[in-house]
Amino acid sequence: MLQSEKNSIPYPFMLFDSLNEGVYIVDTAWHFIYVNKRAAEIQDKPPEELLGKNIWELYPEAVETVSYSQAHHAVEKNIPVSYEIYYPLLETWFESRLYPCAEGLIILLQDISERKRQEETLQQSQARARRLIDANIIGVVISDMDHIFEANDAFLEIVGYTREDLAAKRINWIAMTPPELLPLDMNAIQELKEQGTFTPFEKAYYRKDGRLVPILIGGAVLEKDPLQWVCFILDISEQKTLEQALRESEERMRIALKGASITVYQQDRELRYTWIYNMQAHTVEDIIGKTDADLIEAEEAVYVTAIKRRVLETGQSYQEVVKATGIAGLRYFDLSIEPLHNGNGEVIGVTGTSRDVTEQVELEKRKDDFISIASHELRTPITVLRGYTQLLARQLDQQGIQEPVSMLKTMDAQISRLVRLVDELLDASKIQAGRLDYEEVPVDLDALVHETVEMLQASSPTHTLYVSGATLTVIPGDKDLLGQVFTNLITNAVKYSPQANSVDITLSSTKEATLVSIRDYGVGIASAHQKHIFDRFYRVYDSNNKSFKGLGLGLYIAHDIVKRHGGNLTVESAEGKGSSFTISLPLEK
Ligand code: ADP
């Protein structure tokens, strides 16, 4: 009981004490005549310290505040007033309600801090939403079943309407939607009603200018009754154009690949197939998730896997024809493998094409077999022919019959040329089959070069062959084969420099290798041809060119022989400027 004894007044004070609201009563001279329990708590003073005291003397700081003016206003006008006030000391918001009464004034104070906090949070989140809408990153509209009645500039831009159109309610989403797409909207509205939001979906709007613009739309309910919702709209024209371009380019690729029977695929870092296109023998499901080991013979898989691992490790592309025995039997594939990068440039797998070249390989093999058989079969009769020609020439010479002798000599020279051609063919097919005989002995290179030059000089009256320098080395190798290399290169140097009259042969050596260079001053080789001249049957001049005859095998054989010695055969040349071929052979293998 906090009632002042002498100013006892007829109120149900017990009831006031149970209120969670501060109740104060002041008399006409502003003295507290009653405070309830909560009021004393708010003031943080025992009631005795309040009762009988003048409110404005006790709280002089309040004189300046709205409380003072409102209290006086209520009393003077004899009307109830209410206002909200913040007590900084208590960090609390109160709603204050003042009721004039016979004794003076009843003051009710209610803590409304929680409500204030909620209001503030709401205001902040509304401000954030507003900022998002006004940022115009995305179209935002508020609409009901008929009209769009609020929209940001981004939306107006997407659909080409103005703010005036919006104000005049001329933006009607139903009219803007192509009729065949309306069912999508109806589903969305159904979803809105049931779940409060709808799953974003793609549709299109007719712009004010009649053009159709593809959009992505998502939204949520704002008001349930009548139904109102907010929608987020994204213009996806660019994306659609890209998708279309992508589809077209995929379609072109599909058509191109179909005709060419090329399979395209991707594999991850573990070399499991993750994507495959234009399969020949399998279905896609057979392949995805598998590795080569699951699909082809073990030994072949090991080989192919090693190639692909190398691409993964080095990041360099690679191409090779490989053998693969799978469900379609033994086939040959021309594999072209590239590293597959992610956005950060890391290698995340390989991508490749595989072209079935079985038929070409088989044809090539038949051709090789034919060359091998033909050169074998030709070699014996030609050798016999040459033997008899030489024998005949000698006998006639001894008998002093001169005229046929010179004819037989011409015949012998042509037969020797035939022997050389057949030998080239034989050697090339032996190399191809990996059956070229190789007999290693110590070879005195300087002596061998001088010997070869001497022999060739005799049959090359148009050119002088100059030898300079010395290697001063003896290397392990096959003397006949190395002799063949020098013969070949010097013969070429003479053959391809018809206007010149010399060939320079230079011998030298470094710590690791001996070098033999053969330099001519002839037609030279254009750089586009240089990387091919060591290929089998490659010729810069076709068979119609009468000046330079040959099979295109000499350099192929020479290159292979030098490689077999662990060395290198390289060329430096420019068209019309002559060529320089250099053989480098390691001192030790
Ligand atoms: P070929 O029997 O045609 O001479 P090679 O294998 O010896 O065959 O040479 C291949 C091709 O390289 C030749 O057709 C020729 O075009 C070119 N070539 C070789 N040596 C020379 C050279 N010294 N100068 C210019 N071109 C050359």
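Predicted model: local features only at pLDDT ≥ 70, side-chain atom pairs only at ≥ 80, totals over all residues.
**Exercise 1. Work out where Lys169 lies and what its phi is near.**

Step 1. Lys169 belongs to the loop between helix 7 (163–167) and helix 8 (173–176).

Step 2. Its phi is near 55°, again a positive value in a residue other than glycine.

**Exercise 2. Describe the peptide bond from Asp225 to Pro226 and locate Pro226.**

Step 1. Check omega: the bond from Asp225 to Pro226 has omega near 0°, and it is cis. For context, most peptide bonds are trans.

**Exercise 3. Take apart the hairpin of strand 1 and strand 2.**

Step 1. Pair the strands. Strand 1 (residues 22–27) and strand 2 (residues 32–35) run antiparallel and are joined by three bridges.

Step 2. Pick a facing pair: Ile25 is opposite Tyr34 in strand 2.

Step 3. Inspect the turn. Four residues come between the strands of this hairpin, and Trp30 takes a positive phi near 65°.

**Exercise 4. Identify the largest nonpolar core and the elements that build it.**

Step 1. The largest nonpolar core contains 39 residues, and Ile505, Ile518, Phe581 and Ile583 have the most contacts inside it.

Step 2. Several elements each supply at least two residues of this core, including helix 15 (402–432), helix 16 (445–458), strand 19 (502–509), strand 20 (513–520) and strand 22 (579–586). Helix 17 gives the most, with eight residues.

Step 3. Zoom in on one member. Leaving out residues up to four places away in sequence, Ile518 touches, among others, Leu489, Ile490, Ala493, Val503, Ile505, Phe581 and Ile583.

Step 4. Look elsewhere too: apart from this core there is another, of 26 residues, with Ala151, Phe155, Leu166 and Met176 among them.

**Exercise 5. Decide whether Ile561 is buried or exposed, and name what it touches.**

Step 1. Ile561 is part of helix 19.

Step 2. Its relative accessibility is 1%, so Ile561 counts as buried; the cut-off for buried is under 20%.

Step 3. Beyond residues up to four places away in sequence, Ile561 touches Leu436, Leu481, Leu482, Gln484 and Val485.

Step 4. Compare chain position with space: Ile561 and Gly576 are 15 residues apart along the chain, and their C-alpha atoms are separated by 28 Å.

**Exercise 6. Find which residues make a nonpolar surface patch of about 300 Å².**

Step 1. The patch is made by Leu132, Ile137 and Phe232.

Step 2. Leu132 comes from helix 5 (residues 113–135). With a relative accessible area of 45%, Leu132 is partly exposed.

**Exercise 7. Count the salt bridges, then examine three of them.**

Step 1. The count comes to 28 salt bridges.

Step 2. Begin with a bridge between distant parts of the chain. Glu84 and Arg115 meet at 2.6 Å, N to O. Glu84 is in strand 3 (residues 81–87) and Arg115 in helix 5, 31 residues apart. Glu84 is partly exposed at 34% relative accessibility, and Arg115 is partly exposed at 34%.

Step 3. Glu243 and Lys240 meet at 3.4 Å, N to O. Both lie in helix 10 (residues 237–260), three residues apart, about one turn of the helix. Glu243 is partly exposed, with a relative accessible area of 27%, and Lys240 is partly exposed at 27%.

Step 4. In the third, Arg272 pairs with Glu270, and the closest N and O atoms are 3.6 Å apart. Arg272 is partly exposed at 34%, whereas Glu270 counts as exposed because its relative accessibility is 51%.

Step 5. Close with the network: salt bridges that share partners join Glu84, Arg115, Lys116 and Glu119 into one.

Conventions. Residues numbered from 1 in each chain as written. Heavy atoms only, no water. Core = buried A, V, L, I, M, F, W, Y, C linked by side-chain atoms within 4.5 Å. Buried < 20%, exposed > 50% of the residue type's maximum accessible area, 1.4 Å probe, protein only. Contact = heavy atoms within 4.5 Å. Pairing = 2+ DSSP bridges. Patch = residues over 30% accessible without salt bridge, like charges linked within 9 Å, V, L, I, M, F, W, Y side chains within 5 Å. Areas by Shrake-Rupley, 256 points an atom, 1.4 Å probe, with all protein chains shown as cover. Salt bridge = Lys/Arg side-chain N within 4 Å of Asp/Glu carboxyl O.
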